[in-house]
Amino acid sequence: MTLPRPLLLLVAAIISLSCTPSVSSKPALFPPPEGEGTLVADKAPDAPRADAGGEDFPVPPPPFTEGVFPCSDCHASMETDLTRRELGMHDYIKLEHGPRERWCFDCHNPTDRDKLRLASGALVPFSESYRLCGQCHGDKYRDWRVGVHGKRTGFWNGKKQYLLCAHCHNPHSPHFRPLQPLPPPVAPALIKAKGAE
Amino acid sequence: MRLFIDFLLGSAKQMLKGNRSYWGWVAFLLACIAVGLVGYASQAGSGLIVTSMRDQVSWAFYIGNFTFLVGVAAAAVVLVIPAYIYQWKPIKEIVIIGELLAVSAITMCLLLVMTDVGRPERAWHMAPWPIGRWNAPSSLLAWDALVLNLYFLLNFAIVTHLLFRAFTKRDYSHRFATPLILFSIPAAVSIHTVTAFLYNGLSARPYWNSAILAPRFLASAFCSGPAIILVVLQVLRRYANLEIKNEAIWKIAELMAYAMFLNLFLFGAEIFREYYSATEHLVFTQYVFTGVHGHDTLVPYAWASLFCSVAAFIIFLVPKTRRNFVTLNFGAFLIYCGVYIEKGIALVIPGFTPSTLGEIYEYFPSRTEVMVTIGVYGAGFLMFTLMLKVAIPIINGSFHLDSRRAAEAGIVQDAATSH
Amino acid sequence: MEPDPRDDPSESSRRQFLKAVGVAASAGAFLAGCDEATREAFFQKHFKELDKDELAKVIARLEKDYSAKAGKPVTVDTTPAMDGVLFGYALDLSRCIGCRRCVYACVKENNQSRDPQIHWITVLEMKKERGVDIFESDPYYDSKEVPRPGHFYMPVQCQQCQNPPCVKTCPVQATWQEPDGIVVVDYNWCIGCRCCMSACPYGARHFNWADPSVPIDELNPVTHYLGNRPRPRGVVEKCTFCVQRSRHGKYPACVEICPVGARKFGNLLDPASEVREVIGGKRVFILKEELNTRPKFFYFYGV
């Protein structure tokens, strides 16, 4: 029995990758799976700090559209409709994230709307949404945690302020929006002495 | 010492004596200086912004002229070598004039550097410890300042000694002068080499970062310096009653032909390397000779320079044209133009164009820069003129210590030195 | 804000005249005719040669001068390098969108002259099909939106070389590399010969062609002697990794402003720093690496 050549290469690649020792001695990229419905970090969503695998990621409050949070204010009294449909509310949201099959409840938790839901079924607060994003974007999550992806402010040798993925990327349409650039420099030929033409 | 004061007073009197054309020439030079002062006043008032230099082209006309004049100053050596090493009589008398030119040229160089820097009043920072913080051995400008000042002092000392001795009708002191004269030969080479290294050592500027830059500097200097001297000698022969043999002038012209051959050969070697290998560094040479993206301000100058140099080479190579004073002077003029453009414009500016970040800023000197440069040339030529005014009568024997004073001072005059 | 002591009208005409006459002649008359502060400024020693008392005097003089001109207190800091710190910088080319926010944040933080304009950061627009090709780049792009399709952006500023050609060429040692790796300029010692500008392969050094002008209300009063204090005319200036911020632990202004988080800064000697993570884990390249300037500024592809 022989495997097709490309498949063999793939297998070899996977084996070699998994055998390569990890560059950093940081904890595993993904926290261990939790039981269904368990709340990982039981904090109010506006708490600016979160804990993931023993690391501190101080972040500002999540960038909610004004007046939408807590979601339970409205959703608690509404019946949950799991079917895929045109929404009557939140019509400003245009879902342009990943494949077309993507749907609200891939990320939002249908029962407790104030939480997000990992693939494992674990619930995370909005202030830890990076863990949700990190499920698919593992490489970005890794880079973000060490400060290579995304913006950090504060002190290079001390306390740092992180930003949530959602601060820069609209989670429903994550592609970075173009910006208007600030003015170009003055060309040398146009730099003149004051009072000269 | 009393004698030296006599010499100085006599020299001052010599400078104040002169016919109408002398005073006309002096007035013209003073006018040039006035133009320069007006230009410099505006620069001192507003800063170097009144020049066309900007961050993209941060050295230009001043430093180009400086480089050209360092070559002129260095060229005195062309005359010193045969005169003192081979005891070749016809040139020996001319050496003083070459050295006076060197002294004047160095003065112009130093003036140009001072006009180019942003804070001239801080020039003393360049002095060695404990006054300043002379950055030796790594800064080439620090070395350049040193060798230029040394060369200035050296030539000034030699010329003063030769003239003072001639003034008192004595032969020059071999123990004092000969070592200095011999030292002036490597010193002349060094000023131009160090100036070349100033550009040469900058890996950021591939146009200059070529091993044959210093040899090219020397070769072109040995063309341009003597070209000025050739013309000066003829002027002096006609108007200043100084005896200069044709033979001497032709010999200088012959040396110039060899120097120009070397200059053109090195240039060709450079051009071959650039165009055949055609790396990304070719763009600087293209900017000079063909223009880049329609930016072609320097193109006519570059071709004019090349044309002048080649034409002058032919004139100086062919004995018939070399010995004809019409073609000879035309050739000297061509060399002067060719080298002036090459060093003054086609060396410095393309080094910066395109800039290190690829930007093309088409530099062309501003009115202020031209005015200040005219002023510097005026000052230099005024200095040269005044020194010649003293030197020529000493050389041809019409200005000397009167024999009574000499006898009082107990000087044994050597008749041979004064013709 | 004119940091140069030539605002006094009687002084300026005198100075103009003296300058024209020549430096040697001017020095004596200049010093005789000036007030004490100007005389002190003229004779001020090189920064590294100032002892504690002299430094305090110099700083007091500068603070007084700057504050008077700005109409608000201006401080001049002299905090030295921290032990065990070598600053490094990394810039993610796959993130930068060329918005020039960094350029103007830098101008504001570091009191660069507005007119004539000085920018310590130049953002080059390059074509993706050509890759990093400096001679095909454009610093003057002015599209409505960035990034433009088919283009990428490469901000260039001082690369804080470990083997800095600018320092080598300075005839008066007015520019040097600090123990934390920042290449600085003593604006009171620089003679303005511009050798360093010829030597810099990155166009990172900028000359004050005229008296720099910064609107008083925009002047950043928190300054460092070797960094963003007001500069006089006729001297060279450059990026210092915001020495007035970084030596107090803060990120440089360009890092803080960058809307895409493309700019990374930290201690190269700390294995956990962001720059070390970049160098260890990303594809990094050095601008004009062949020149052996050994920059502490690394471009990387964070994709």
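**Figure 1. Overall make-up of chain C in the predicted model.** The secondary structure of chain C comes to 10 helices and 12 strands, where helices (H or I, at least four residues) and strands (E, at least two) are DSSP runs numbered from the N terminus. This is a predicted model, in which local features need pLDDT of at least 70 and side-chain atom pairs count only at pLDDT 80 or more, while totals for chains, interfaces and linings use all residues. Residues are numbered from 1 along each chain as its sequence is written, and chains are lettered from A and ligands numbered from 1 in the order in which they are written. Of the 303 residues of chain C, 52% count as buried, that is, 20 or more other C-beta atoms, placed from the backbone, lie within 10 Å of the residue's own. Among the contacts in chain C with a separation of 6 or more, 65% are between residues 24 or more positions apart, a contact being a pair of residues whose C-beta atoms, placed from the backbone, lie within 7 Å.

**Figure 2. Confidence of the model.** The average pLDDT of chain C, the predictor's confidence in each residue on a scale from 0 to 100, is 91, and 89% of the residues score at least 70. Over residues 1-21 of chain C, pLDDT stays under 50, and the model has 37 contacts beyond four places in sequence for this stretch. The model scores ipTM 0.90 and pTM 0.86.

**Figure 3. The open sheet of chain C.** In the order 10-2-12-11, 4 strands of chain C form an open sheet with mixed pairing, two strands being paired if DSSP finds at least two bridges between them. Strand 10 and strand 11 (283-285) of chain C each have a single partner strand and stand at the edges, so one side of each is left without a neighbour in the sheet. Neighbouring strands of this sheet are turned against each other by 30 degrees on average, direction ignored. Helix 10 of chain C packs on the sheet, where it touches strand 2, strand 10, strand 11 and strand 12 (297-301) of chain C, and its direction makes about 110 degrees with that of strand 10 of chain C; axes are lines fitted to C-alpha atoms, for helices over the stretch in contact, and angles run from 0 to 180 degrees between N-to-C directions.

**Figure 4. Strand pairing within this sheet.** Strand 2 (residues 87-92) of chain C pairs with strand 10 of chain C in the antiparallel sense over 5 bridges, and L91(C) stands opposite R263(C) in strand 10 of chain C. Strand 2 of chain C also runs parallel to strand 12 of chain C, to which 4 bridges join it, with D92(C) opposite F300(C) in strand 12 of chain C. Strand 11 of chain C and strand 12 of chain C pair in the antiparallel sense over 3 bridges, and the bridge partner of F285(C) in strand 12 of chain C is Y299(C). Strand 12 of chain C is mostly covered, with 4 of its 5 residues buried.

**Figure 5. The side of chain C that touches chain A.** Here 40 residues of chain C are in contact with 26 residues of chain A. Helix 5 (101-109), strand 10 (263-267) and helix 10 (274-281) of chain C each supply at least two residues of this side, and the largest share, 5 residues, comes from helix 10 of chain C.

Key:
Two residues are in contact if their C-beta atoms, placed from the backbone, lie within 7 Å. A residue is buried if 20 or more other C-beta atoms lie within 10 Å of its own, exposed if 12 or fewer, and partly exposed in between; C-beta atoms are placed from the backbone.
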